Amino acid sequence: MNRIHIFLRLALVSVLSSVLIFSADARKKSGPKYVFFMIGDGMGINQVYGAQNYNQTTGDGPQFINFTQFPVRTMVTTFSSSSLVTDSAASGTALSSGVKTYNGAIGLDPDHKPIPSICVWAHEKGFGTGVATTVGVNHATPAAFYGHADNRNEYEKIANQLIEADFIDFAAGGGFITERNTGHDSKYFEDKAKDAGISVFYGRDQFGNLSSQKGRVICVDTNYSSTDVNFAMDQQPGETTLSDFVAAGIDYLYGNFKKKGFFYMVECGEIDGAGHNNDAICNIKEVNDFAKAIDVVLDFYAKHPDETLILITADHETGGLELGDNYIMHPEYLYGHKKSEGEINKLFREFAGVGPDRNPLPNRRIPSYEQMQAFLSEHLGLWSTIPVSAAQEAHFRDLYHRAFVLNQTEMVEALYSVSNRIVSDAIAYADRQAGYIWTHGGHTGSPVGLYVKGAGAIEFMAVTDNSMIPLTIKKVANY
Ligand SMILES: [Zn+2]
């Protein structure tokens, strides 16, 4: 065991003992019946307040992001057993079971031994359980609440574990993620779930009568081209949103478990994706979409204020987002940026006359530099609302020359996307001018916020590490 490891273990033991002492003093007679545990994947402190800065400057979004006003606000560390910088699997496991594990592990301790999650604890005491996410139902964060795998990428093993997990009453997400070369798609596992007696509902139009629905339920959206729900800023009216999943879960869980109560984990999974893509406005719109889903929970809270506990946190920070460049921020510069990086890339491909395989289309017309400027102005606000420096202008002219005169298409790879260099550099420049500065495309070890409201909230004031959250919920909710 190395020195860091020993230090971290000692630190954890000391914070754990302090919360136990604190909790013993402040123990309440009865705990909350309805617990909402809401996780913004990749939602560091700066993601939250950067979104709030944008909303307040532009009026485009709530002036105060609802959970920043919760009465209990603290910070938690997120390190895993293998690194000071966690991934979603290890932090998901810490958040679901109170056990620190290695990056990549789902529901296993560092010795690869399966560990039960808070959903098992709640189920064994008779509570209903639910998990919902905007990404695949077997993606790392939800998986940590029911699955056990050495590696988070064992998607089909985890999909089968969800189908077998009779302690999960309700699950919702974009679909089942499958592995390459198995020939399976989401529908394969949806059908398998049906064969196992689980009712599967497709899209918000089918989520209407879940309060009287008996037996286990899985809800997916109707975007069959992806197992992710579309980014909030790309969604068309009528598409299934995180709020729809949250409302569906509440209807079902309250309908079936109103007497005893329920535990409901909700993940906003794509704050992380926008962070990996270094796409500030997309990140902001995801945080605002998460806040909208939390509004649905707050409506429930208003009806059951003495029996409801709401916790908002994150599994880690993504992108190393800094706010402000040398004392300056211009959040309003992002207002002209109307689509996610992926969608702007699709438009840019059409504009550049190349197909999805990046080969030139027949009868391709080469756009002029001025037309490229007009494109970046229309979709990102460059030159119209965002001033472009002479040095940056020279850089764009150079990129134009390489792409359209020398025909050297350059692509930039992020964890979940590949982007044309021109689009990627234009978004990076726009974000930097706005004061949203990404320092890289991965996770960081920054602490994240924990925001708590409702019955038992005060017990979380002493929580300092993510692994203490489920243990404290267990204590206050009597699991
Ligand atoms: Zn990530």
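Biologist: Which residues does Asp150 touch, not counting residues up to four places away in sequence?

Modeller: Those are Ala105, Leu108 and His112. Two residues are in contact if their C-beta atoms, placed from the backbone, lie within 7 Å. Do keep in mind that this is a predicted model, in which local features need pLDDT of at least 70, side-chain atom pairs count only at pLDDT 80 or more, and totals for chains, interfaces and linings use all residues. Residues are numbered from 1 along each chain as its sequence is written.

Biologist: Why is Asp150 called partly exposed?

Modeller: A residue is buried if 20 or more other C-beta atoms lie within 10 Å of its own, exposed if 12 or fewer, and partly exposed in between, with C-beta atoms placed from the backbone. Asp150 has 13 other C-beta atoms within 10 Å, so it is partly exposed. Its place is the loop between α5 (140–143) and α6. Helices (H or I, at least four residues) and strands (E, at least two) are DSSP runs, numbered from the N terminus.

Biologist: What makes Asn278 count as buried?

Modeller: Asn278 has 27 C-beta neighbours inside 10 Å, so it counts as buried. This residue sits in the loop between α9 and α10, and its phi is near 55°, a positive value in a residue other than glycine.

Biologist: And Trp383, is it buried or partly exposed?

Modeller: Partly exposed, because Trp383 has 14 other C-beta atoms within 10 Å. Trp383 also has a positive phi, about 70°, although it is not a glycine. You will find it in the loop between α12 (369–380) and α13 (390–405).

Biologist: How do you know that the buried residues of α7 are on the same side of it?

Modeller: In α7 (residues 186–195), the buried residues are Ser186, Phe189, Glu190 and Ala193. They cover an arc of only 105° around the axis, so they are on the same side of α7. The arc is that of the directions from the helix axis to the C-beta atoms. On the other side of α7, Asp191 and Asp195 are exposed.

Biologist: What do the buried residues of α7 pack against?

Modeller: Their partners are α6 (155–164), β5 (199–202) and β6 (217–220). After α7 comes Gly197, with a positive phi near 90°.

Biologist: What makes the largest nonpolar core a core, and how many residues does it have?

Modeller: A nonpolar core is a set of buried Ala, Val, Leu, Ile, Met, Phe, Trp, Tyr and Cys residues joined through C-beta atoms within 7 Å. The largest one has 131 residues, and Val246 and Leu311 have the most contacts inside it. Helix α10 (residues 280–303) gives the most to this core, twelve residues.

Biologist: Why do you say that this core lies between domain 1 and domain 2?

Modeller: Domain 1 (3–322 + 441–477) and domain 2 (330–434) both give residues to this core, so it lies between them. The domain bounds come from an automatic or database domain assignment. As for Val246, leaving aside its neighbours within four places in sequence, it is in contact with Ala132, Val266, Ala293, Val296 and Val297.

Biologist: How far apart are the C-alpha centres of the two domains?

Modeller: They lie 34 Å apart. The contact takes 17 residues from domain 1 and 17 residues from domain 2. On the side of domain 1 that touches domain 2, α2 (45–58), α9 (271–276) and α10 each give two or more residues, and α2 has the largest share, four residues.

Biologist: What is the mean pLDDT of the protein chain?

Modeller: The mean is 93, and 94% of the residues reach 70 or more; pLDDT is the predictor's confidence in each residue, from 0 to 100. Over residues 17–28 the pLDDT is below 50, and this stretch has twelve contacts in the model beyond near neighbours in sequence.
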